[in-house]
Amino acid sequence: MKPAPFRYVRPGSVAEAVGLLATHATTGRLLAGGQSLMPLLSRRVERPSLVIDINRIAGLDEIEILPTRIRMGALVRQEQALWSPIVHRDVAGLAAALAWVANPVVRQRGTVIGNLVTNSPGAELPAVAMALGAEFVVRRVNGEEIVAAETLLGPCRGLAADAMITHVLWPRRPAHVGFYEVARREGHAPVVSSLVTLTGEDCRVALSGVCPTGLACPSVARMIAQRLPRVPEVAELAGALREDLLGSVYSDAYSSARYRLEVAPVVSQRAARLMALQIGSA
């Protein structure tokens, strides 16, 4: 199919893009990488009257080092972030997850923030952002605010129609990292994926695919941290996971909720083992 007719504009500044969003709040859509939006336009799931292409806005394709944060613009591509020495050094959990996102062709166009904002159940990055404590710079015509990933990406939450995320701020947390994923085949969205990171005594765990949104798992993280250097048994992790589940378990045409619940502690254990191997070789 072909998209329904729409008007196309290419603003030259964030202020111009946000102004267009404000006047077309319910019918305007932002275009950056297009890996989520373009298929929806082609199938006419989305029928915006205006598509706002932000690819000409200067400065949004940069990864910057701040004293306590890594500042990543809305046009930073997933492949760019994956191969960034800054990301590997200071946000190792993001780098580990990016290696499992889709494939290089998609990552060369898809943006990190686009993946986060889409916030689909099988996306790896929203859960990573919540677990690592990322924050978003949200711009509207009346000003700018900083919003925590857990607030924006949590259950029943989302970005206002007239708002634009200009940057994501990742805490600088050099860490030991383990990431493991089960997918139907390489490049597909995960059935379940798990990220485990450890900085000092601070352990963070994220799960994708289990719930309709990504899930940060503090109970699972505490159990892993308490057991190190031994990795907890699957049954122990399953019990801790039940404490972290905030909503209904996700089910789709490919995998049942019951299967995902059985796989999640196994995947978490394997991610924890990969992390423990890093500690042992340090």
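Modeller: A search of the whole structure finds 14 salt bridges, a salt bridge being a side-chain nitrogen of Lys or Arg within 4 Å of a carboxyl oxygen of Asp or Glu. The model is predicted, so local features need pLDDT of at least 70 and side-chain atom pairs count only at pLDDT 80 or more, while totals for chains, interfaces and linings use all residues. Residues are numbered from 1 along each chain as its sequence is written, and side-chain values use heavy atoms, with hydrogens and water left out.

One of these salt bridges links Glu46 with Arg29, whose closest N and O atoms are 2.9 Å apart. Glu46 lies in the loop between helix H2 (37-42) and strand S3 (50-53), and Arg29 belongs to strand S2 (residues 28-31), so the pair ties together parts that are 17 residues apart in sequence. Here helices (H or I, at least four residues) and strands (E, at least two) are DSSP runs, numbered from the N terminus. Glu46 is partly exposed at 22% relative accessibility, and Arg29 is partly exposed at 27%. Partly exposed lies between buried, under 20% relative accessible area, and exposed, over 50% (1.4 Å probe, protein chains only).

A further salt bridge joins Asp202 to Arg204, with 3.2 Å between the closest N and O atoms. Asp202 is partly exposed at 32% relative accessibility, as is Arg204 at 26%.

Glu236 pairs with Arg227 in another salt bridge, the closest N and O atoms being 2.9 Å apart. Glu236 has a relative accessible area of 24% and is partly exposed; Arg227, at 26%, is partly exposed too. Elsewhere, salt bridges with shared partners join Arg89, Asp90 and Arg172 into one network.
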